[in-house]
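Here is a short briefing for a reader new to this structure. Look at the sequence and the model first, then read on.

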2 protein chains.
Amino acid sequence: MALELDNTNHHLYMRVYQYYKNLILSGKLRAGTKMPSLRRCAQQLQISRTTVEAAYLLLAADGYIISRAQSGYYITDIAAKTPVHPSAKKETAPAIRYDFASSGVDRESFHFDVWRRYIKSALRQDERLLSYGSPQGEPELRDVLCSYIHERRNVICSPDDIVIGAGIQSLLHILCPLLSNRQTVSFPNPSFLQGISIFEDHGFQIRYRDKDSEIIYVSPAHMTKWGEIMPVSRRLELIRHAAQRQRLILEDDYENEFVYMQRPTPSLQSLAAGQGVVYLGSFSRLLLPSIRLSFMVLPPDLSKSYQRISGRYNQTASKMEQIALCQFIRDGHLASQIRRLRRLYSGKLKELYQAVQSAFGANARIRVGSAGISLSLTLTCSLSGSAFLSLCAQNGIRVGLLQEQEKELELILSCSSSPVSDFLPGCQALFQVWQSTQ
Amino acid sequence: MALELDNTNHHLYMRVYQYYKNLILSGKLRAGTKMPSLRRCAQQLQISRTTVEAAYLLLAADGYIISRAQSGYYITDIAAKTPVHPSAKKETAPAIRYDFASSGVDRESFHFDVWRRYIKSALRQDERLLSYGSPQGEPELRDVLCSYIHERRNVICSPDDIVIGAGIQSLLHILCPLLSNRQTVSFPNPSFLQGISIFEDHGFQIRYRDKDSEIIYVSPAHMTKWGEIMPVSRRLELIRHAAQRQRLILEDDYENEFVYMQRPTPSLQSLAAGQGVVYLGSFSRLLLPSIRLSFMVLPPDLSKSYQRISGRYNQTASKMEQIALCQFIRDGHLASQIRRLRRLYSGKLKELYQAVQSAFGANARIRVGSAGISLSLTLTCSLSGSAFLSLCAQNGIRVGLLQEQEKELELILSCSSSPVSDFLPGCQALFQVWQSTQ
């Protein structure tokens, strides 16, 4: 048996995986056939057993083979279920060729190998993994975060003021009961669904851009989906207003790391000297969307209230991922990851801007802010937003809808998960769809 | 340089770790000294670079060394901060020698190597990790869970009825808003703090053992901390009552896997044919407490309501751990893990029972149920519960307090994290503390 190697620089186990996957999908290895044992396969291919095992585990994870206890791996009937000509399926539900609405991230944005090393290191800490995590979050991670946000965002706090959780929503579930003396909360607009949902569930009245609300939720580096940021003058004004009227500010520092066009503006928390502001941060966008790790920094009064009830809530974030992230930050990888992301996305956003301009010319109004990963595109169009979006989908294009007015649609295009080489053909395809509606 | 090997069967990297740790703590390697490069260390010790790297990462994780970008690893000043004679510290806060109140698990209970393999396999699925997880939980894991609970607990559902989350509390946060037409919830007793907290936060009225409540929260395999289980006759009665009066049952199947003394009793969900029961399950106790993975099975009406609002909530559980668990269950490891745990804990609980009997003789009343990992111990005592517990702590013993009445304390002792060899000396020490109060 000879292992045909392809030219890509895949790891060896990926080549073994691909080799068997092809044999299985092409029907050369039939359903029910037993796979060679790890040892035999390793001998035949003259590679290590570990490599074979990695490939087998991945084949099993993807459903090509299945393990039977005390017997070995067997080929599943996946080939029968997978259409031989994938195009046959496309006719019913067209595949998305150009995705400008994905919340995924760029393949190139993350050094998986580095992260894997840290997860593996965390996995070796048997003793720590045998016990429940601290309800507030691992103390080491809170220490590291405290220094990190002090250095980068001037946030003033002690590790005791930091609460870690699996996403912003998990933290808001802890925060809301601490704010039961307040009843109204203002959001910048209805697109902040994740935050709005939790406040609604806890019985708060939701308002929009309302300075009189008792709680003011803002995202200063992400005022709009196309990356407007809040100017410093407006920040100072907001803080003065909140202090005078005893409003509480929730500062969601979402995408502050993606402010390219100017120096990052100071955090509200630092401008307010740590008083009257809850600071919220998250790592899903900086590392991997699949990593559910967020944190909040409580001001002194709320921090005290939290300590009294902290025993009521279990920690939601994975302890293993907390341990890994702690060391990842300590070793400087988060800082270099952010530098890489900023370079990557500012470059891509510029390319996307040029592609839209080149495809639409004077037919579109484009808006780009000083931050973020998206631009907005306003088109005259007699179709409704949802009708236009489904027409796009039929032509293999996915975009987001920001708002619609009479005969005008404002679309939102993200540069994050598409490759740059798709920008121009994608925008040209979008232009043709639009032209067909005129 | 020679690597002194100790006798334990630690992995090689653990020996390298221990070797350097000793050199650093003893001051033989001073703060600020550069560690040898990976390559040089590997040559000197004649081991692989990977092994050296594993050891270095662990040393860094524990704060002994720190990495400086483009330079290498340096020794920290941890030795200066660590007391040379740890006993000096012990005088102020006595160390716990016998811990019968830990929520941790037995070191032997979990095959770390197997779990590590599955996490590593999950880490290789780059594409899946680059996107956000499904709000409801990974579809593959829901498929596997559906078959698993059908097989083991006769739970009747489809994968669409299953919602995954980071712990029971995360799931209750999603469930509570779906139950807003109800106002009262009954718990077996106030020790169900995690559940009670969330219902309180959502404005429900909490009651105890109240059949008239609109929601009835029960844990049939864990009625008391000392492992009483709900008999089948009582289960049927509860279901009839709930169906007649349109009560909703929340069945927390906590520790049903640890029912040793008899065959596991059927789940309420199966007895009720899937109607009017929300089934809650969790993996923290079965795998590792640090793994935050739970699920709920919604009955048809709530499942429909959930589908309408599922977009409001992000997934809280780690996607990596979901992918790993899915394959872990598929390959039969969960089933064998449960067999191992049941054997381990039923044996340990018996040993603990004998140790208590041998130490206390006729002086104590012991209660052990048909399940669980704990027994209860009632003692006459003129001290208050908290005074007795702190006297125990001063003598290096940690136990839990179940209830106190005049001149009587009911303690709860868990067999889970202490080694069996500590049971008899631990119980004898506890006996001496108790005797000193008589």
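Is A:Arg367 buried, partly exposed or exposed? A:Arg367 is partly exposed, at a relative accessible area of 31%. Buried means under 20% relative accessible area, exposed means over 50%, and partly exposed lies in between (1.4 Å probe, protein chains only).

This is a predicted model, in which local features need pLDDT of at least 70 and side-chain atom pairs count only at pLDDT 80 or more, while totals for chains, interfaces and linings use all residues. Residues are numbered from 1 along each chain as its sequence is written, chains are lettered from A and ligands numbered from 1 in the order in which they are written, and side-chain values use heavy atoms, leaving out hydrogens and water.

**The sheet in chain A**

- Four strands of chain A form an open sheet with antiparallel pairing, in the order S11-S12-S15-S14.
- Strand S11 (365-367) and strand S14 (400-405) of chain A are the edges, each pairing on one side only.
- From one strand to the next, the twist averages 20°.
- Five bridges join S14(A) to strand S15 (residues 408-414) of chain A in the antiparallel sense.
- A:Gln403 has A:Glu410 in S15(A) as its bridge partner.
- Strands pair if DSSP finds at least two bridges between them.
- Helices (H or I, at least four residues) and strands (E, at least two) are DSSP runs, numbered from the N terminus.

**Helices on the sheet**

- Helix H15 (residues 333-360) of chain A packs on the sheet and touches S11, strand S12 (374-380) and S15 of chain A.
- The direction of H15 makes about 15° with that of S12(A).
- Helix H16 (residues 385-394) of chain A also packs there, touching S12, S14 and S15 of chain A.
- The direction of H16 makes about 45° with that of S15(A).
- Contact means heavy atoms within 4.5 Å.
- Axes are lines fitted to C-alpha atoms, for helices over the stretch in contact, and angles run from 0 to 180 degrees between N-to-C directions.

**Salt bridges**

- The whole structure has 26 salt bridges over all chains, each a side-chain nitrogen of Lys or Arg within 4 Å of a carboxyl oxygen of Asp or Glu.
- A:Arg367 and A:Glu410 meet in one of them (2.8 Å, N to O).
- This pair links distant parts of the chain, S11 and S15 of chain A, 43 residues apart.
- A:Glu410 is buried, at 5% relative accessibility.
- B:Asp201 and A:Arg312 form another (3.1 Å, N to O).
- B:Asp201 lies in helix H10 (residues 193-201) of chain B and A:Arg312 in a loop of chain A, so the pair joins two chains.
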